[in-house]
Amino acid sequence: MAKEFSRTRRIGQQLQQELAQVLHRDIKDPRVGMVTVNDVEVSRDLSYAKVFVTFFEEDEKIVAQKLEALSSAAGYIRSLVAGRMKLRVMPELRFIYDASLVEGMRMSNLVTRVIHNDEAKQKKAKRDEQSEDNDLQGED
C-alpha cells in the first residue's frame, strides 16, 4: 500500500512538472493566459489525474472561462504530456480551480494594509501628543 501511494505521488509530481512546462510553452490559447499548476492528484489505477490550477484572476466568470478553455484542450494537453513521460497509461486530465493561492495573496494584502494603517495611526497619535506638549509648554 505505501509503495503504491509513493508511486502515484511520484507520478503526480512528475505530471505536475510536465504540465507546468507544457502549459507555459505549448498552449497558445489566449483564454488560458498565465496558469500555475499547484498540485496533481493521480488515481490509484492511474486512469485520471486531478490537476489543481490557479489563475491570477479574481473574477469568477473569467476563471470559469479559463477553466473551460483548459478542459476543452485537455486531450491535446494530455497528448503533449504523454510524449514527455514514459507511462503505459496516460491519465485523463481533470482541471480544478484552486483558489488557495489567490486567497492567500488577498489575505496577505489585507494584513499588510492593516499593519500600514495601524502604523499611520500610531505616527499621527505621536504627532498629536507632541503638538499638545508644545502647546502646553507655550502656555507656561
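The backbone oxygen of V37 lies 3.1 Å from a polar atom of the Q16 side chain, a polar contact (a pair of N or O atoms within 3.5 Å, one able to donate a hydrogen and the other to accept it; residues adjacent in sequence count only if both atoms are side-chain atoms). The backbone oxygen of N38 lies 3.0 Å from a polar atom of that side chain. Q16 itself is found in helix α1, and leaving aside residues up to four places away in sequence, Q16 touches V37, N38, D39 and V40; touching here means heavy atoms within 4.5 Å.

This is a predicted model, in which local features need pLDDT of at least 70 and side-chain atom pairs count only at pLDDT 80 or more, while totals for chains, interfaces and linings use all residues. Residues are numbered from 1 along each chain as its sequence is written, and side-chain values use heavy atoms, with hydrogens and water left out.

Next come the strands. Helices (H or I, at least four residues) and strands (E, at least two) are DSSP runs numbered from the N terminus. Strand β1 (residues 36-42) runs antiparallel to strand β2 (residues 48-54), and 6 bridges join them; two strands count as paired if DSSP finds at least two bridges between them. T36 stands opposite T54 in β2.

What lies inside the fold? In soluble globular proteins, nonpolar side chains tend to be buried together. Here the largest nonpolar core has 28 residues, of which L15, L19, V53, L70, I77, L93 and F95 touch the most other members. Such a core is a set of buried Ala, Val, Leu, Ile, Met, Phe, Trp, Tyr and Cys residues joined through side-chain atoms within 4.5 Å. Two or more residues come from each of α1 (2-25), β1, β2, α2 (60-72), α3 (74-84) and β3 (92-97), and α1 gives the largest share, 5 residues. Not counting residues up to four places away in sequence, I77 touches L19, V22, L23, I27, L70, L93 and F95.

D59 caps the N-terminal end of α2, with a side-chain oxygen 2.9 Å from the backbone nitrogen of K61.

Terms used
Buried means under 20% relative accessible area, exposed over 50%, partly exposed in between (1.4 Å probe, protein chains only).
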